[in-house]
Amino acid sequence: MSTPFVRKTNRLSDAVQHIQPSGIRRFFDMASTMEDVISLGVGEPDFVTPWNVREASIDSMERGYTAYTSNPGILELRQEISKYLDERFETPYDPEREIIVTAGASEAIDIAVRSTVNPGEEVIIVEPGFVSYAPVVSLAGGRPVSIGTKKENEFKLTKEELEAAVTPNTKAVMISFPNNPTGAVMTKEELAPLVDVIERHDLLVFSDEIYAELSYDNEHCSLAALPGMKDRTILISGFSKAFAMTGWRLGFVCAPADITAAMLKIHQYILMCASTPAQFGALEALRSGRDDVERMITSYKQRRNYIVKSFAEIGLSCHVPGGAFYAFPSIENTGMSSDQFAEGLLKEEHVAVVPGNVFGEGGEGHVRCSYATSMESLETALDRMGRFLKRHSS
Amino acid sequence: MEKHELEILKLVEDNGRLGVPSIAKMVDCTEEEVQAVLNKLEKENVIVSYAAVVDWSKVEEQEGVTAMIDVKVTPQRGVGFDEVAERIYRFPEVKALYLVSGAYDLSVVIDGKTMSEIAGFVSEKLSTLDSVISTTTHFRLKTYKHDGVVFEDGEDDDKRIVVSP
């Protein structure tokens, strides 16, 4: 017979108990049990990875490239990433010393934070934003400090907002434009005033530019491309969104050589290297995927136009999202919270959207609607949302 | 061609059922402007027709037979291949007709109910035309992809999870 025992200590770490599970999970669970749900809740492209990319990856496996690659990734791939970033966004990085291929931008966010933030140091998180930033900072022992961008400013970050959040303890700021969930973009002229604040307080910037390609009205401007910023920016991106490769888990992170060397230490211990077949697929994507990217951009832009105009028709106010594939309409005039709205819409009309509050400060009063879905689904979803709004208008 | 015209043309080529109101929103025009573009393109025969892509192999007793026939012909002075092409495409059984480069001249696609019906067409109608020198008939066994659309079930299903960050 085994001896009965009383567990003396809590076996979970304080750090993990301190973070909350993602609020998106609840909606996933609810929506998964329903039939005929039209989902505007999906944070990934509706395109399948272009065949030439899939084929290149299959071919690499057939040829026996199934071993580890070097820690930062296949050199040829880093060279292609370097060329791509330079040509597309005027952000040149040294493929040998300043680029690491990661398991998605998610890993990139983690190693960027962990290699720079000390316990107790503050990281300003620009919200609404991707759900992982604050938890990743907390897990690294840092203190996430939220700034909520505002609807009046079309969810762009202002110099004043940034300045107000800085304390002597601030180490870095986490920024992502084009933004998930708001679709907001910031032009070069709009980013420029932030540089002054960043330099004056000697901050680092984690710039998550995963949606850079999906910028519909203006060319994307990287924070790292602004004068003086390359040396204090950690640029995070990847293949998921622009190349429709979410499930491959392949991203990259670019930073000054000292920071890259530090990130590489963590990367080599936790991951060794990114998936080899995925790296071969990505190589093909960069070498000959341009036409596919352009085709997808055109299609997203058309659907962006469609959804924004349709929202106006059914009485939802929505700024024009300049990038990503999300619209972030205000639902304040319904009198419902974003949770109530999303839950009601799902239960009554079987349309899934994500309540804005899960994306942090400034998200309440809005819902995230992904338009990365077929036109047929969008048309039906909009009809159903119109019906829902009519039913609940007072 | 103007940018909007091209964009509208690509949209309807991909999905002929897309309504004017939706197209208008997508390309940021008024409905009247879109309708005017469509009218113009239809009138100019740029948009030739609107049709559905049908997988007849799924319809019982409607399967039918399709053949692709390579035809060698003698071109005629003054009209080249056009006159014989016209004599061929006027047959309603002829689904498509192309002038091609290479070992033969015309590529004819024929729909029929049975193989013997097609054999009859080739021997009685096609081969007997004066300028036809020879024919080679290939029967289609299976359609994998047609007009850019994959026929295999499940290929276009949405395989994403319903809600994700």
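What share of the contacts in chain B with a separation of 6 or more is accounted for by residues 24 or more positions apart?

1. The share is 55%, a contact being two residues whose C-beta atoms, placed from the backbone, lie within 7 Å. The model is predicted: local features need pLDDT of at least 70, side-chain atom pairs count only at pLDDT 80 or more, and totals for chains, interfaces and linings use all residues. Residues are numbered from 1 along each chain as its sequence is written, with chains lettered from A and ligands numbered from 1 in the order in which they are written.

2. Chain B has five helices and six strands, in the order α-α-α-β-α-β-β-α-β-β-β from the N terminus. Helices (H or I, at least four residues) and strands (E, at least two) are DSSP runs, numbered from the N terminus.

3. The C-alpha trace of chain B spans about 60 × 40 × 30 Å along its principal axes. Of its 165 residues, 17% are buried (20 or more other C-beta atoms within 10 Å of the residue's own; exposed means 12 or fewer, partly exposed in between; C-beta atoms are placed from the backbone).

4. Buried in α13(A) are Met375(A), Leu378(A), Ala381(A), Leu382(A) and Met385(A). These residues lie on the same side of α13(A), because they cover an arc of only 115° around the axis (taken from the directions from the helix axis to the C-beta atoms). Lys390(A) and Arg391(A), on the other side, are exposed.

5. The buried residues of α13(A) pack against elements of both chains, including α11 (290-314) of chain A and α2 (20-27) of chain B.
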